[in-house]
Amino acid sequence: MIKGIIFDFDGLILDTETHHFRILQEMFGEHGTEMPIERWQQEIGTQSGFSTFGYLQEQIGREIDQEGLKRELEERFHSTLAEEGARDGVEDYLKRAKELGLKIGLASSSDYGWVSKYLRNLGLFDYFECIKTSDDVEKVKPDPALYLQAAHCLGLQPEQCLVFEDSANGALAAKRAGMGCVIVPNAVTHTMDFCEVEHRLDSMADMPLHDLIEHIKSRKVSN
């Protein structure tokens, strides 16, 4: 029985992924090249140590001010996100989860400062009983540690949790943790090669939470 839901943050609640990639493409274009989406997708939902502007420097074959470009990216990114709202259906799912008596957690490969800042900006922070981030684990997604810690924090067993993810790394982490997973990809992640999950939505606005849970329960029975 599903007793709790656990959300990813970047790309799922707030579509940081699409804006981040768009700004990167603009900056790469200013240097006469581009970031292949297939290469960037490998970095979504995890932390591999990949150097974005080191990659740019390799592509163009000359020295660039990598630190200056990092600062420029951060400024442009934060400016864009300040005007961005949550993805469609997110707050409705959170409200409905409360009404259904479900516990609500969050597990993100980003750090707590980042996640908490934007949850507060969106007015969603107080919905979450537990927030686990990269500050809490040695390995982020696709390692299952974040989801296992979130479940423990909520007082639930992994099989009692349903995860919502937008990335392949995140979905893999959820399944490795022994949890059900619904993917809600965004414009940057929708072409990713996902592992087998319980359901896929284009938007949370497409199906009410209660109907989704009933659909997943019926699938388990039929299987």
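This is a predicted model: local features need pLDDT of at least 70, side-chain atom pairs count only at pLDDT 80 or more; totals for chains, interfaces and linings use all residues.
Strand 1 covers residues 4-7, and strand 2 covers residues 103-107. The two run parallel and are joined by four bridges. Opposite Phe-7 stands Leu-106, a residue of strand 2.

## Ser-134

Ser-134 sits in the loop between strand 3 and helix 7 (145-154). Its relative accessibility is 16%. Buried means under 20%, so Ser-134 counts as buried.

Which residues does Ser-134 touch, not counting those up to four places away in sequence? The contacts include a run of Ser-108, Ser-109, Ser-110 and Asp-111. Gln-47, Val-140 and Leu-146 complete the list.

## The largest pocket

The largest pocket holds about 960 Å³ of space. Its lining has 31 residues. Nearest the centre lie His-20, Trp-40, Thr-46, Gln-47 and Ser-110. Gln-47 and Ser-110 are also touched by Ser-134.

Helix 1 (16-29), helix 3 (52-60) and helix 4 (66-81) each supply at least two residues of the lining. Helix 4 gives the most, with five residues. By class, the lining of this pocket has 14 polar, 10 charged and seven nonpolar residues.

How values were computed:
Residues are numbered from 1 along each chain as its sequence is written. Side-chain values use heavy atoms; hydrogens and water are left out. Two strands pair if DSSP finds at least two bridges between them. Buried means under 20% relative accessible area, exposed over 50%, partly exposed in between (1.4 Å probe, protein chains only). Contact means heavy atoms within 4.5 Å. On a 1 Å grid over the protein atoms alone, a cavity is a set of points where a 1.4 Å probe fits but cannot get out, and a pocket is an open set with protein on both sides within 12 Å along at least five of seven lines; lining residues have an atom within 4 Å of a point. Grid points are joined across faces, edges and corners, and a volume is the space filled by probe spheres set on the points. Ala, Val, Leu, Ile, Met, Phe, Trp, Tyr, Cys and Pro count as nonpolar, Asp, Glu, Lys and Arg as charged, and the others, Gly among them, as polar.
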